[in-house]
Amino acid sequence: MRDAFVKELEKLAETNDKLVLLSGDIGNRMFDRFKAAHPERFYNCGIAEANMASVAAGLALEGFIPVIYTIAPFATTRCLEQIKIDLCYHNLHVIIAGTGAGLSYAPLGPTHHSAEDIAILRVMPNMRVLCPCDATETRLALAAAVNSHGPAYLRLGKKGEPVIFPEPYSFAIGNPTPVIDGKDVCLLGIGNTVPQCLEAAKMLENEGISAAVYSYHTVKPQNEEFLKDIFSKFKKVCTVEEHFLAGGGGSSVAEWLADSGISGAKLIRCGIDDTFMKTTGSQSYAHGLFGLDSETIRKRILGGK
Amino acid sequence: MTSSYDAAELKNASDRIRYGIIKNSSMNHVPHLGSCLSCTDILATLHLSVMSDDDIFLLSKGHAAPALYFVLAEKGIISKKEMEDYGSDGSLFGEHPPAHGIKGIHAATGSLGHGLPILCGMALAAKIKDDSRRFYTLLGDGECNEGSIWEAVMFASAKKLSNVTAIIDFNKWQATDRSREIMPLEPFADKFRSFGWETAEIDGHDHTQIFKALAPADREKPLVIIAHTVKGKGVSFMEDDNNWHYRTPSKDEVAAAAKELGAANA
């Protein structure tokens, strides 16, 4: 996702001279081509994220479209008040790109995990929360955020994620994208969990259960029509995310469901329990720990819990 | 430039502005009177005699919003009529500058430590666009406790934002105590110098000194002006008394202040 993000940024900057890239001293060499092409539109702001977010606000007040780039926890919670006041309250066109979000940097430990970012950012008025699932969708989501006004959080993984969409498609903020069709249950993969959802769908198929899988790339703004449709069509809807259960994309769906008055459909939420990772290990080890692996997703759907 | 007041006119305008702030504080129970009165002379000089129409000012110490509103009204940027509903339900004029709807207010401030960093972003934008506007902000001494101020101080110097001028309203108090008892700031100017800024130290109530320090000059570095001020300046019974950080004056106190400030109606 990281490489796709940079490539798209380089492409957008060629035709959009308002785009300014701010980095929090991260992405060694990654931005070399951007810097060479647009030296006046790249600024390494150092390890000072609060200032970087406010500087982005200042640039946006002057008509630029700044993109802030650093590791997800430092791009979000580290400078949260600047995001709330300077970006959201002023409704400025700034894109926050948080890399290594969720459990992407599992081995680095809880200092580098961001499992609360969706919850915290989605409650901010004006903020849009975008969780692309692969490289293609990263490019599409970035372009969509650059081409539409307002603050947006782009929740990125690391690199080398499995390809879900080999080719660009017609992406729209707020429109979840179908990956495979199904008729019994519906899996909403939020961000980089779509691969496990697809695996779980395959397992379910062998057991005679037809599962649809969507890339639920936009947690906010929420698409009510879409939710109404899936909760009336499917018996079970399951959200899967590298995020705490409290407040994440699954929670946002649960809030909608509670208010909707729809009864009969079942919502299952897969996410991280109310705990920090106490042992160390890879991203897939972390998935096992928190029940985000395909086998657990399968069991949860069969069990209905 | 819409207007340019000389020193005598600035003194008169500052008295008028002070009286407006005090009367409003009493009528609408708006606090932070001491903080407004300490920076009145600075804001008046900057807006009425220094800034051109295209220059930008952000009130980093947002709790002095009333001082800014009355200065903008004196300048004619906002009308006295608009100011009438100040402090009442439904008014745009908050106790801190809001994000939208008031001319001359470019950014919402009030959470301390935001104004200077936002200003740096705006000043950087001007450098990219190669325009010659100047960017000013007013900070409180207490506000300089915030880490984000020092992040911005490093940033402004690193990116050579010579179009930035920060003025510090050094009134030696913060909300609950003397600033030197909480987080000593001296040697204040040395701190900025060591971070790569140009510095000046002035009497923040002397309009001539303020004007000279703020006069545009070709520089290679950002400039900080440490303005020594008195909290509650202009009214004898408010001066250097930190109770006026939160207190609002009674009718009698407004009348007494009016007398000292030479205001016509008490």
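**Exercise 1. Work out how much area is buried between chain B and chain A, and find what contributes to it.**

*Solution.* Start with the total: about 2000 Å² is buried between chain B and chain A, and carbon and sulfur atoms give 64% of that. Next, look for the residues of chain B that lose the most area to chain A: they are H114(B), I128(B) and E151(B), and together they make up 27% of what that side buries. Keep in mind as you go that this is a predicted model. Finally, count who takes part: 25 residues of chain B are in contact with 23 residues of chain A.

**Exercise 2. Find the salt bridges and polar contacts between the two chains, then describe the side of chain B that touches chain A.**

*Solution.* Step one is the charged pairs. There are 2 salt bridges between chain B and chain A. One of them can be checked by hand: R133(B) and E62(A) meet through their side chains at 2.6 Å, N to O, and that is inside the 4 Å limit for a salt bridge.

Step two is the polar contacts, which come to 11 residue pairs, both residues being at pLDDT 80 or more. Step three is to see which elements of chain B are involved. Those giving two or more residues to this side are α5 (115-129) and α6 (147-158) of chain B. Of the elements, α5(B) gives the most, with 9 residues. Sort the residues of this side by type and you get 15 nonpolar, 6 polar and 4 charged.

**Exercise 3. Trace the sheet of 7 strands in chain A and explain what sets its edges apart.**

*Solution.* Walk across the open sheet in the order β2-β1-β3-β4-β6-β5-β10, with mixed pairing. At the ends of the walk you meet β2 (42-44) and β10 (218-220) of chain A; each has a single partner strand, so one side of each has no neighbour in the sheet. From one strand to the next, the twist averages 20°. Now zoom in on one pair: β1 (residues 19-23) and β3 (residues 65-71) of chain A run parallel and are joined by 5 bridges. Within that pair, L22(A) has I68(A) as its bridge partner.

**Exercise 4. Do likewise for the sheet of 5 strands in chain A, and find a helix that packs on it.**

Key:
Residues numbered from 1 in each chain as written. Chains lettered and ligands numbered in written order. Predicted model: local features only at pLDDT ≥ 70, side-chain atom pairs only at ≥ 80, totals over all residues. Heavy atoms only, no water. Contact = heavy atoms within 4.5 Å. Buried area = accessible area lost by both parts, 1.4 Å probe. Polar contact = N/O pair within 3.5 Å; in protein donor to acceptor, adjacent residues only side chain to side chain. Helix = DSSP H or I, 4+ residues; strand = E, 2+ residues; numbered from the N terminus. Nonpolar A, V, L, I, M, F, W, Y, C, P; charged D, E, K, R; others polar. Pairing = 2+ DSSP bridges. Axes fitted to C-alpha atoms, helices over the stretch in contact; angles between N-to-C directions.
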